[in-house]
Amino acid sequence: MPSIFNRLRLPLIGSPLFIISGPELVIAQCKAGVVGSFPSLNARPQNLVDEWLHQITEELAAWNRDNPETPAAPFAVNQIVHKSNDRLDADMATCAKWQVPMVITSLGAREDVNNAVHGWCGIVMHDIIDDRFARKAVEKGADGLIAVAAGAGGHAGTLSPLALISELRQWFDGPLALSGAIGNGQSILAAQAMGADLAYAGSAFIATREANAFEAYKDAIVEGRAGDIVYSNLFTGVHGNYLRGSIVKAGLDPDNLPVSDPSKMNFGSGGNTDAKAWKDIWGSGQGIGSISEVKSVGDYVDQLEREYLAAKVDLAAKSASFTGWRS
């Protein structure tokens, strides 16, 4: 594992949440000891990326000076490398200026982007939904992979995490994070037991005080269950998971959504209906059943740590007591 992960309190990356992740959320996540991240497209206009990175870098440096025994975790910036993103070059130049320690790439793999990040000694983690896309990403220079399995929020795949991680570990021994219904400490440990190094969670962080989300959205996360998640490509052209209630509120029937033309991708503000993805149609993963209240990032990570450590003890006890049928 790259040394960048040595400062983590928990093996967890807070995923970049479109519209929702900003400096306040990222800084809180990093101070709590997990990787915080934001999509560069959240900063509008483009020159706001520079201000955000300045703020994040300065506040985390001050935290590290004042708290040498509990240093902040590194942060990451998400870059959409699809051809529809006309800001990529400008955003990458700003990331180079601030020497962003980790870049998360999505919706395409580009060798030039990976080389640029390596040029300032950063690392690249790439979103993938199957083995084929994973091989392409590594061939083009990605350092690590984020396996986006069934049940993940936002743009998600359909493969079981058991199958996806197993296939990847047959040939890839680099940093591997698992995304898909990660909402408690037990699921973080489960990701590691399957073969991932890290877990990757987003939906649960929507229900935190630092998240830039409507209060109704946060409440919907708290009140929602796995059965409230709808998988559709209507809103952006790429299949993703969304909260049923937000689809109904937009005047659509979640059980009879048309299929969108994938060539008409729109990741920024609209998709293929009048209802705007992320703003009106709320993304969410299937792990929200474990979220019971809106709380601060610090309190949530404290909870995750307690659950994670308790799960390790419980697993060790079960392993010690199990003798198997051969005994």
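A residue is buried under 20% relative accessible area, exposed over 50%, and partly exposed in between (1.4 Å probe, protein chains only). Gln 99 has 44% relative accessibility, so Gln 99 counts as partly exposed.

The model is predicted: local features need pLDDT of at least 70, side-chain atom pairs count only at pLDDT 80 or more, and totals for chains, interfaces and linings use all residues. Residues are numbered from 1 along each chain as its sequence is written, and side-chain values use heavy atoms, with hydrogens and water left out.

Start with confidence. pLDDT is the predictor's confidence in each residue, from 0 to 100. The protein averages 92, and 94% of its residues score at least 70. Residues 267-272 have a pLDDT below 50. Beyond near neighbours in sequence, that stretch still has 26 contacts in the model (heavy atoms within 4.5 Å). Where pLDDT is low, the predicted coordinates should not be read in detail.

Now the backbone. Helices (H or I, at least four residues) and strands (E, at least two) are DSSP runs, numbered from the N terminus. Gln 99 sits in the loop between α3 (88-97) and β4 (102-106). Its phi is positive, near 50°, and Gln 99 is not a glycine. Ala 181 also has a positive phi, about 65°. Ala 181 lies between β8 (176-179) and α7 (185-194), in the loop. Pro 45 is in the loop between β2 (36-39) and α2 (48-66). A cis peptide bond joins Arg 44 to Pro 45, with omega about 0°.

Last, the cysteines. A disulfide is a pair of cysteine sulfur atoms within 2.5 Å. The structure holds zero disulfides. Cys 30 is buried, at 0% relative accessibility. Cys 95 is buried at 0% too.
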